[in-house]
Amino acid sequence: MGEYILAIDQGTTSSRAIVFDRKQKVAGVGQKEFRQHFPKSGWVEHDPEEIWQTVLVTVKEAIGNAGISASEIAAIGITNQRETVVVWERETGKPIHNAIVWQDRRTAPFCEKLKKQGLEKTFAKKTGLLLDPYFSGTKLNWLLSNVKGAPARAAKGELCFGTIDTFLIWRLTGGKSFATDATNASRTLLYNISDNAWDDELLDILRVPRAMLPEVKDCAADFGVTDASLFGAAIPILGVAGDQQAATIGQACFTPGMLKSTYGTGCFALLNTGKDIVRSKNRLLTTIAYRLNGETTYALEGSIFVAGAAVQWLRDGLKVIKAAPDTGTLAESADPSQDVYLVPAFTGLGAPHWDPDARGAIFGMTRNTGPAEFARAALEAVCYQTRDLLEAMHKDWRNGGKDTVLRVDGGMVASDWTMQRLSDLLDAPVDRPVILETTALGVAWLAGSRAGIWPSQEEFARSWARDRRFEPKMDEATRKGKLKGWRSAVKRTLIAA
């Protein structure tokens with residue numbers, strides 16, 4: 001058996017492949033961006049064929065950079081952008097339409113129609129999700145409603161539906177495996193997270209034929225073997241998880257009460273609630289964290305649409321910084337007497353507000369407000385939004401106490417200033433790990449442990465290493481004043497919307 005594990009990390013803007021050695025160290029990396037398609041305002045699409053080609057290229061690049069052959073890889077793990085939808089022909093593997101991306105808002109009117117019919121409670125009870133265009137089910141309904149002949153073909157079993165992981169598994173195995181994992185299935189609006197099964201009532205509401213659905217497996221399972229002609233050897237696919245769940249696993253958040261937050265373009269916080277399906281009363285999502293050996297672990301999730309995107313706005317929109325790492329240094333030089341608040345509702349507000357019509361606003365500006373204050377406001381906005389999520393989680397879950405330690409990952413966590421301010425505003429410790437490739441590491445562990453060459457869950461958790469812990473330093477009066485100002489800013493933004 002090989003000594004290496006390959007993680008395929010198929011994201012929203014690029015595909016990455018990372019080869020890990022037996023000691024969980026990165027041996028080789030490949031990455032390639034692909035085009036974003038915006039056919040109409042609010043619509044976002046990807047070309048599945050281009051995604052497939054980027055995966056092939058990056059896998060070969062990572063293997064080459066590692067200086068190994070494909071025969072030395074023991075297993076593959078796949079993690080993916082969640083909720084993005086692909087439909088393809090069972091016979092040819094050819095997509096019938098571009099992939100509709102998780103960011104796409106075209107099904108907002110359909111979601112509103114379902115809400116007016118009183119169906120959101122039905123979906124929430126069964127799936128843990130809200131009726132929002134974010135999720136896969138209404139996207140699939142749109143494809144079936146708008147591609148000529150699709151409903152009849154789907155009913156006959158001629159079409160396959162999948163999130164990106166399923167499409168990649170199909171292509172990698174030459175059409176021999178049609179499967180997904182429980183975490184990706186739980187984001188579709190079609191999957192009953194209590195029964196761990198596709199739900200006939202939800203399928204009927206969204207007019208989705210069962211014949212086009214993949215088999216749902218554990219996160220660590222046998223998902224098939226790659227066609228040997230692709231990379232030079234047949235490699236088993238043994239681990240699959242959606243990106244945020246993969247990061248939860250990579251952060252070793254296996255104990256109920258453990259919490260991770262990933263800071264990329266957006267921010268996604270997951271709180272492990274163990275075997276408990278916690279029904280949120282504060283507009284959070286209930287989701288599957290992972291399913292191993294037939295046992296399901298659940299989580300509460302909060303989604304922030306704009307995190308790193310606010311820094312990109314400073315760079316590309318306002319042009320007040322030249323590079324993202326400059327933001328922390330600039331923020332540190334801001335006038336402490338100015339309380340400037342940015343509510344970054346560029347595409348609406350996510351949890352716990354879920355207001356798709358809210359738009360960005362800045363409060364507290366004076367004639368002395370400049371680039372430094374904008375930089376601080378952008379970084380603090382991420383911290384405030386995280387605080388909102390944690391407060392909602394603590395209200396929803398009886399075991400969520402004040403002793404929470406937040407494990408963080410993603411591009412923004414490299415900024416010491418931002419992580420210190422996050423700790424200050426949360427009034428909680430923030431732990432940054434040594435290995436920041438937590439998403440890829442999570443699925444690599446799923447595949448590696450299944451292959452028998454990586455450690456058990458307990459040993460993997462013990463091997464998690466902290467780079468630095470940030471402890472709160474802000475005094476209570478200052479923290480309360482800042483939080484009061486933030487809540488006022490959000491309230492005025494929501495009222496304005």
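Helices (H or I, at least four residues) and strands (E, at least two) are DSSP runs, numbered from the N terminus. Axes are lines fitted to C-alpha atoms, for helices over the stretch in contact, and angles run from 0 to 180 degrees between N-to-C directions. The model is predicted, so local features need pLDDT of at least 70 and side-chain atom pairs count only at pLDDT 80 or more, while totals for chains, interfaces and linings use all residues. Residues are numbered from 1 along each chain as its sequence is written, and side-chain values use heavy atoms, leaving out hydrogens and water.

Let's start with a helix pair. Helix H11 (residues 308-318) packs on helix H13 (residues 371-396) at about 160°, the axes lying 8 Å apart. H11 and H13 are therefore roughly antiparallel (angles over 145 degrees). Ala310, Val311 and Leu314 of H11 make the contact with Phe374, Ala375, Ala378 and Leu379 of H13 (heavy atoms within 4.5 Å).

Now for the sheet. Seven strands form an open sheet with mixed pairing, in the order E16-E17-E15-E14-E20-E21-E22; two strands pair if DSSP finds at least two bridges between them. The twist averages 30° from one strand to the next.

| Edge strand | Residues |
|---|---|
| E16 | 285-292 |
| E22 | 466-470 |

Within the sheet, strand E14 (residues 259-263) and strand E15 (residues 267-274) run antiparallel and are joined by 5 bridges. Thr262 has Phe268 of E15 as its bridge partner. Helix H14 (residues 416-426) lies across E14, E20, E21 and E22, at about 150° to E21.

Note on methods: Parallel < 35°, antiparallel > 145°, perpendicular 65-115°, else oblique.
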